[in-house]
Amino acid sequence: MNGKRLTVNDYFHYKGGDLYCEGVRIEEIAKEIATPFYLYSQKSIIDNYKAFDEAFKEIDHLICYSYKANSNLSICKVLREEGSGADVVSGGELYKALKVGVEPKKIVFSGVGKTASEIKYALKEGILLLNVESIPELELTNKIAGKLKKKASLALRINPDINPNTHPHISTGLAKSKFGIEISGAKEAYKKAEELKNIETMGIHMHIGSQITELEPFVDSLEKIVELIKELEKEGIKLRYLDIGGGLGISYKKGEKAPTPKEFAERLLPLIKELKCKIILEPGRAIVGNAGILVTKVLYIKKTEEKNFVIVDAAMNDLIRPTLYNAYHEIISIKPITGHRSPITVDIVGPVCESGDYFAKNRELPELKFGDLLTILDAGAYGFSMSSNYNARPKVAEVLVEKDKYHIIKKREDYEDLVRGEELR
Ligand SMILES: *Cc1c(COP(=O)(O)O)cnc(C)c1O
């Protein structure tokens, strides 16, 4: 296998027996900063963004990258430089977006539980849209806007009651979901918004879930929303923005297919291009998911009667998707495995004191040994951003590769970081 170029994707590939990210040999970074760490390819992030932008170029649109997928400042800045806006779901994410210089008029703010201080923050900054998810939130927003002597520019998030056929924890557009205003009450809600003095109703928002790998749920939802826009228009309520949310899935498993942004656009454009609305898109996973990996080291091989465990130095607190969603991630070795190591079936697990702490179960991998470096692929989205300090484990470092250079874009935490802010009684 030596010397042969074995591509994982265009950004992570084997060369001369080593795994590279763009022009950087991953083992070199591991030697320099130790493991575990997240590693991102800048070009991959940019190319993913451009694919979306290109796919919708025939209509007036704004891409608001969804910060919760990965809100590292450097990654957000790379996207801002490409022209991306921001989809934020908390005051903290709004702060980050403003910090990297996203124009307020390119920021949308969703979330079912915005606090009064978050609403005030967003109104003061003059963001493009507050995506309001309930009548009480609408009333509170009106009140706060009044106090600030401002008009709140907002969209109502409408729940189209569509099953996106994804994991129940990441479905958000079903009638039983906590998100948005149910479509049956949408007209009433818009009329109410029209009556409120300090509200300027500018748009409509939907977001039906995440990791959606079929186009039908998007089409079905959008059809319902477009029909609603037309009905509202008949009643004299004109909307300037249609925010179709995020949710487009990626392929985590070899052979599993997810629609490309181009295929996504081709199905949706016929439904929306005649509308007089500017289209907003909120992709998260589809921009950063396959742009990042988690690099980890084998600590122990533990053979029991039932199982072969490979214990690695990363854990569920670093990447919780397998534990939380039973998510599948490809795991590959930094060196292509050469002939003399035969495959065995293993569970890859972390050091955390929970049986749910695993990255893969019953996975066939070449026999591993202490010190081997593994990479968990497609970990760029909902990886670091969902990480925690559980078991008092310092959060790992994040590294961004730009061609043949790499930048540490988040320092590994140390023990001091773990106790910052804590007081001894
Ligand atoms: C999480 C979220 C997104 C992004 O979802 P992806 O599946 O990562 O594309 C977009 N919009 C809203 C409102 C969200 O909550």
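In this predicted model, a polar side-chain atom of lysine 68 lies 2.6 Å from an oxygen atom of the ligand. Glutamate 282 also reaches the ligand through its side chain. One of its polar side-chain atoms lies 2.6 Å from a ligand nitrogen atom. In total, 15 residues surround the ligand. Lys68, Ser210, Glu282, Arg285 and Tyr382 are the closest of these.

The protein chain is divided into two domains. Domain 1 comprises residues 12-41 and 289-419, and domain 2 comprises residues 110-283. Their C-alpha centres lie 36 Å apart. Contact between the domains involves 10 residues of domain 1 and 9 residues of domain 2.

The area buried between domain 1 and domain 2 is about 830 Å². Carbon and sulfur atoms give 58% of this area. On the side of domain 1, Tyr325, Tyr328 and Glu330 supply 53% of the area buried against domain 2, more than any other three residues. The side of domain 1 that touches domain 2 has 4 nonpolar, 3 polar and 3 charged residues. Across the interface, 0 salt bridges are found. Polar contact between domain 1 and domain 2 is counted for 1 residue pair, with both residues at pLDDT 80 or more.

Technical notes: Residues numbered from 1 in each chain as written. Predicted model: local features only at pLDDT ≥ 70, side-chain atom pairs only at ≥ 80, totals over all residues. Heavy atoms only, no water. Domains from an automatic or database assignment. Contact = heavy atoms within 4.5 Å. Buried area = accessible area lost by both parts, 1.4 Å probe. Salt bridge = Lys/Arg side-chain N within 4 Å of Asp/Glu carboxyl O. Polar contact = N/O pair within 3.5 Å; in protein donor to acceptor, adjacent residues only side chain to side chain. Nonpolar A, V, L, I, M, F, W, Y, C, P; charged D, E, K, R; others polar. Near = heavy atom within 4 Å.
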